[in-house]
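Welcome! Here is a short briefing to read with the model open beside you. Take a moment to look it over, and then we will go through it topic by topic.

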Amino acid sequence: MTKDLDALLTALYVYLDDHVLPSARQPRKRGPAPLLTDAELVCVAIAQVLLRCDDERHWLRVAPRRIGHLFPRLPGQSEYNR
């Protein structure tokens, strides 16, 4: 299951980053650079649904173990609902 999920999230990230959410080509706005790209954020949200973690607290505990190797920066609880 882990390798299948890794492959799915990697393929989804590449597709989103190249075709759907080309945020790298847009001019940057003022302020600090975002820690997660839009494509990474969508992939993290989809991983949460696929792993059936309905509770945010549970997801924030499980996410580093399950997908932390794919996403070096995961949002914390204070950043999750922004």
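How far apart are the end C-alpha atoms of helix 2, and what should its 13 residues span at 1.5 Å a residue? The end C-alpha atoms of helix 2 are 18 Å apart, which agrees with the 18 Å that its 13 residues should span; the expected span is 1.5 Å times one less than the number of residues. This is a predicted model, in which local features need pLDDT of at least 70 and side-chain atom pairs count only at pLDDT 80 or more, while totals for chains, interfaces and linings use all residues. Residues are numbered from 1 along each chain as its sequence is written, and side-chain values use heavy atoms, with hydrogens and water left out.

**The overall picture**

- The protein chain has three helices and zero strands; these are DSSP runs numbered from the N terminus, with helices being H or I of at least four residues and strands being E of at least two.
- Along the sequence, the pattern reads α-α-α.
- Of the chain's 82 residues, 26% count as buried; buried means under 20% relative accessible area, exposed means over 50%, and partly exposed lies in between, using a 1.4 Å probe and protein chains only.
- The chain exposes about 6200 Å², and carbon and sulfur atoms supply 55% of that area; accessible areas come from the Shrake-Rupley method with a 1.4 Å probe, and for residues only the protein chains shown count as cover.
- Among contacts between residues at least 6 apart in sequence, 52% join residues at least 24 apart, where contact means heavy atoms within 4.5 Å.

**The core**

- The largest nonpolar core has 15 residues, and those with the most contacts inside it are Leu 9, Val 44, Trp 59, Ile 67, Phe 71 and Leu 74.
- Helix 1 (2-20), helix 2 (38-50) and helix 3 (56-67) are the elements that give two or more residues to this core.
- Such a core is a set of buried Ala, Val, Leu, Ile, Met, Phe, Trp, Tyr and Cys residues joined through side-chain atoms within 4.5 Å.
- Not counting residues up to four places away in sequence, Leu 9 touches Cys 43, Ala 47, Ile 67, Leu 70 and Phe 71.

- Ala 11 is found in helix 1 and counts as partly exposed, at 47% relative accessibility.
- Ala 11 and Cys 43 are 32 residues apart in sequence, and their C-alpha atoms are 9.9 Å apart in space.
- Leu 21 sits in the loop between helix 1 and helix 2 and is partly exposed, with a relative accessible area of 26%.
- Leaving aside neighbours within four places in sequence, Leu 21 is in contact with Leu 16, Asp 38, Ala 39 and Val 42.

- The buried residues of helix 2 are Ala 39, Glu 40, Cys 43, Val 44, Ala 47 and Gln 48.
- Val 49 also lies in helix 2, but Val 49 is exposed, with a relative accessible area of 62%.
- The C-alpha atoms of Val 49 and Trp 59 are separated by 9.8 Å, with the two residues ten apart along the chain.
- Arg 52, in the loop between helix 2 and helix 3, is exposed, with a relative accessible area of 74%.
- Arg 52 has a positive phi of about 55° although it is not a glycine.
- For background, most residues other than glycine have a negative phi.

**Helix 3**

- Trp 59, Val 62, Ala 63 and Ile 67 are buried in helix 3.
- Seen down the axis of helix 3, its buried residues fall within an arc of 125°, so they line one face of the helix; the arc is that of the directions from the helix axis to the C-beta atoms.
- The face of helix 3 turned away from its buried side carries the exposed residues Arg 57, Arg 61 and Arg 65.
- Arg 66, also in helix 3, is partly exposed, with a relative accessible area of 30%.
- Arg 66 and Leu 51 are 15 residues apart in sequence and 9.1 Å apart in space, C-alpha to C-alpha.

**Cysteines**

- Cys 43 is buried, with a relative accessible area of 0%, and Cys 53 counts as buried at 5%.
- The structure holds zero disulfides, a disulfide being a pair of cysteine sulfur atoms within 2.5 Å.
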